[in-house]
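Hi,

Here is the structure I promised to pass on. Have a look at it first, and my notes on what turned up follow below.

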Amino acid sequence: MTTIGRSRVKSGPAWTHAAQAGLIVGLVALLETATQTGLISPMVLPPPSDIGVRLAEIVPTAAFAQDLTTTVSTVLIAFVVGAILGLALGIGFWRFPFVGAVFEPYLVSMYSMPTLVLYPILLAILGVGAAPIVVIAASMAMIPVALNTMVGLRAINPSLPKLAKSLNCTRVQLYWKILAPAATPLIVPGLVLGFIYAVIGTIAMEFILAPNGVGFRIGYFYRSFDIVDMYAYILVASIIAITANVLLNRLERRIRQDMQ
Amino acid sequence: MTVTTSATEPPRAAGIHEEPQGPERAKRRRLQAARMAVPIGFLALWLTVSPLTELVSAPFATIAELADGFLSGWIYEGLVATASAVLMGFLLGTAAAFPIGYLLGRSTGLRRIFDPLIAGTFAVPRIILYPVLLAVFGVGLEAETGMVAISAFFPILMATTASVKQVSESLLKLGRSLRASRLQTAAKIVIPDAAPGIMVGIRIGFSISFIAAIIAEFFAAKDGLGLMISEAYASLELARMYAIVLLILVIASVGNLVLWWLERRLRHG
Amino acid sequence: MTGPAKTLRSDTEEPTVVDTTAATATGSGVVLDGVQVVYPTSDGSIEAVRHASGTVSDGRFVSLIGPSGCGKSTLLDVVGGLLATAKGSVSINGETVRGPRRDTAMVFQEDSTLHWRTVLSNVAFGLEIAGVSKKEREARARDVINLVGLAGFEDRHPRELSGGMKQRVAIARALLLDPRILLMDEPFGALDQQTRMFIGRELLRVWDETRKSVLFVTHDIQEAVYLSDEVWVMSARPSTIKSVITVDLDRPRVAGTMADPRFHELTTEVWELLRVESEKALQYRGELP
C-alpha cells in the first residue's frame, strides 16, 4: 500500500510505438524460428520470410494487378452505391420521422446481422459474378451511412433551422449551408464505417463467390495447395483492409477537428 | 473502432417504466402496428415476386420444405453440426475475449499498445483466416469452431474493453476508499457496471459468428447448414436452399432478440 | 450507531494499512502537517497543494472552501488515503495515513450509487466489502436508512430516486461504516439550491445524533458557514490553508440562523478572503486580465 491513487506517469506515443513494433517483430521472429526449425510444418505455415519473398514476386505480375483492380473497383462501386442509398434513406427517415421510427429497429438489427447471410439467395437470383458481391457489399455499406445520417440530422440544434428561417434562407441554402455542415460530425463516421463494411463485404464474398479478386485468390490457392501463395494473398487482403481503415480514421479525425 | 457507437446502440427504452397516456399511447400503438406491418409487407412482396421467376421459391413451398426438413429429419444432421460449432466456438471466443477485454479496459498502458492494433484490423474480414484454420486442423468441426471463436472474439473484446474503461471514476474511487480487493472491485463494481455494454458485444458477436460459421461451411465442411446450402444450390433444389436460409434467419433473429432482452434486463434491473 | 466499529476492526484489519510505529503526531483528531501534493502531467508536474496544515478536532464540523480548481478535493483525497503526499503528512489520532482507513468514510460529489443494487444493498455495500454477514449488515443498514430519512425506500433502485435522495444513500453508506471522521467532497454540489438547503439541515440533524468529525468540501460560502464550526479558506493553486474562521453561531442551527447579523458578518468575512484568491485563480486560468 505504498502507492495510493492513480498518479501514474503518462507515457508518450514514442514508447507505445516501440512496444507495438517490438510485439509485431517479435511475433514474426518467433514464427520464423518455429517454421525454420520444423516446429511448425510448412504445410500449416511456411516461414514468414518465404511468404515475404513470394509476395514481392507476385506484386509486379499482371494477374495481381487484375485481381487488385477487381477488388478495389468492386469496393468503390459498392461504397458509392451504398453511400448514396444510405444518405437518401437517412435524409428520408429524418424528414418523415414516423417512417424513420418504423424502420429504425430493422436497420439496427441489420447491423448485428449483416446481409451477408442472404448470399445464397442473391447467388440464385444473380448468379456467380460481380453482381451479388456488389449488392451485398453495398447493402452492408448502406446501413451505417443511413443510421448515422438520420441520427446526425436529428441531433441538430433546433435553433439552427430557426436561425435559417429568420435569415430568409432558401431551401438549398438551408440544406447546404446549415444542415449538412451541422450533421457532418456524425455523417462522416457513418461514411467511414460504410466504406469499411464495403471492404469487409467485398473480400468476404469474393472468398466464397467470385471468379477473381484478392479474396478469391486466397480460396483458390488453398484449394490448389499453394500454401505460400495463399498466405501471400491473405497478407495482401489484410494490408488493403488495414490501410483503408487507418487512412479513413485519420481522415475522419481531421474532418472532425476542422469542424470543431 | 469507437465511431458511431451512438448509432449502433439499439434505441433505448425510457428509463422509468411508465405507460404513456392519451395521445402518446395512441401514437405508440400506431408505431408498433406499422413496425409489425414491415415483415407482412415483405412477405407480400415475396408472394408477388415468386410467381414471376423460378429463381425465387414461393413462401409456402419454402415453409413446407422447412417443415419437411424437421418432420422427415434431413435438416437435423446439418443443424446439429452447425449448432455445436457455433456454441463451442462462441463459448471459446467469449472465454478468451472477456478476460483480455477486462485487462485492457482497466489498464491505460495496455490499451495504448493494443487498442490501435485491434482497431487497425477491424476492417479485415475474419473469414480469410479460415484457410489457415483448415491448414491447421483439416476440414471438420475443429476448424469451424475456431472460425466461430475468432469471429466472436473481436466484437466481444472491443465491447468489454470499452465498457470496462467507461466505468465511472466515482465508483472506482468508492471501491478504493472502502479498501475493496481487486477481486471485489471486479465482481462488485466493474463487471456489474459494464455488464450491459458487454452484452451488446455478446449479442453482435453471436450473430456475426453464426454467419461466419455458415460461410465457412459453404467454403469447406464435412457437415452443416452452410454445406447443405451449397449442395442444394448445386443440385438446383431452390426450395430447400431457401428453406435453410429462412431457418438461419429465424435462428439468428431469435438469438438476437433473446440477447437483446437480456441486455435490457441488465440495463434496467 | 453504537459499537459496530469494534467488531469491524478486530475482524478484518489489515496490518499493512495502519502503521502504528509512525505515530509521531500527538493529540486526537485529524492533523495535516505541511502537506504537499504534486500531480504528474504530460508536460512536467503540477503542484496542487503546498504546505497545508491544520487540525480537525474530534467531533468538529470543518468546511474547506476555496476558489474553483484549487486543491480542495485533492486535500480531501489525501486525508481519505486515496492520494499520497509528496511532502508532509496527515495523521488521524496519531497514526499516519498511508491508505484508505477504516475510521474514515467518504461521500463524493458525483453519484456513486451502484445502479444495479437496491437502496438497502447500496447502503450495506461498505460492510459487504468489509466482510460483514448479510444478515448483520442489512439489519444495521436499516437503522441508518431510517436516520437519513430514507425509510420506505429500501427496495428501490437508484434510478427511481432524486439526486438528493441518492446523496442520502451515499451519506448513509458512509455512516454505516461508523467512521471517526466523515470526508465529504461537495456532496450537494450537483443539487439545486432548495434541495441543498434542506438536505444540509438534515445533515446537521444526523451529525447532531452521531457527532462524527466532518471535513466538508464546498464552494458555497453560506453552506460552509451554516454547517460548520470552522471554515478553512484555501488559496489559489498551489493551494494552502490560508485562514481559519471560527463560526461562533449557536447550535442547533435553525432556519433563523441565516437571518442572524453574525451569519452575515461571517459570510462577508469568508467572501472577502475568497475574493482575492478567486481573482488570482481566474487570472491564472486567463479568464480575467
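This is a predicted model: local features need pLDDT of at least 70, side-chain atom pairs count only at pLDDT 80 or more; totals for chains, interfaces and linings use all residues.

**Where the chains meet**

Residues are numbered from 1 along each chain as its sequence is written, and chains are lettered from A and ligands numbered from 1 in the order in which they are written.

Chain B also meets chain A, with 48 residues from chain B and 55 from chain A. On the chain B side, the elements giving two or more residues include α2 (22-49), α9 and α11 (238-268). That side divides into 37 nonpolar, 8 polar and 3 charged residues.

**Chain B itself**

Chain B has 11 helices and 0 strands (DSSP runs numbered from the N terminus: helices are H or I with at least four residues, strands E with at least two). Its C-alpha trace spans about 70 × 65 × 30 Å along the principal axes. Of its 269 residues, 44% count as buried, meaning that 20 or more other C-beta atoms lie within 10 Å of a residue's own.

One helix pair is worth a look. Helix α4 (residues 76-106) and helix α9 (residues 182-219) of chain B pack at about 135 degrees, with axes 10 Å apart; axes are lines fitted to C-alpha atoms over the stretch in contact, and angles run from 0 to 180 degrees between N-to-C directions. That makes α4(B) oblique to α9(B), as angles under 35 degrees count as roughly parallel, over 145 as roughly antiparallel, 65 to 115 as roughly perpendicular and the rest as oblique. Among the contact residues are B:Gly89, B:Phe90 and B:Gly93 of α4(B), and B:Phe206, B:Ser209 and B:Phe210 of α9(B). By class, the contact has 7 nonpolar, 6 polar and 1 charged.

**Confidence**

Chain A averages a pLDDT of 88, and 94% of its residues score at least 70 (pLDDT is the predictor's confidence in each residue, from 0 to 100). Over residues 1-11 of chain A the pLDDT is below 50.

Best wishes

How values were computed: Two residues are in contact if their C-beta atoms, placed from the backbone, lie within 7 Å. Ala, Val, Leu, Ile, Met, Phe, Trp, Tyr, Cys and Pro count as nonpolar, Asp, Glu, Lys and Arg as charged, and the others, Gly among them, as polar. A residue is buried if 20 or more other C-beta atoms lie within 10 Å of its own, exposed if 12 or fewer, and partly exposed in between; C-beta atoms are placed from the backbone.
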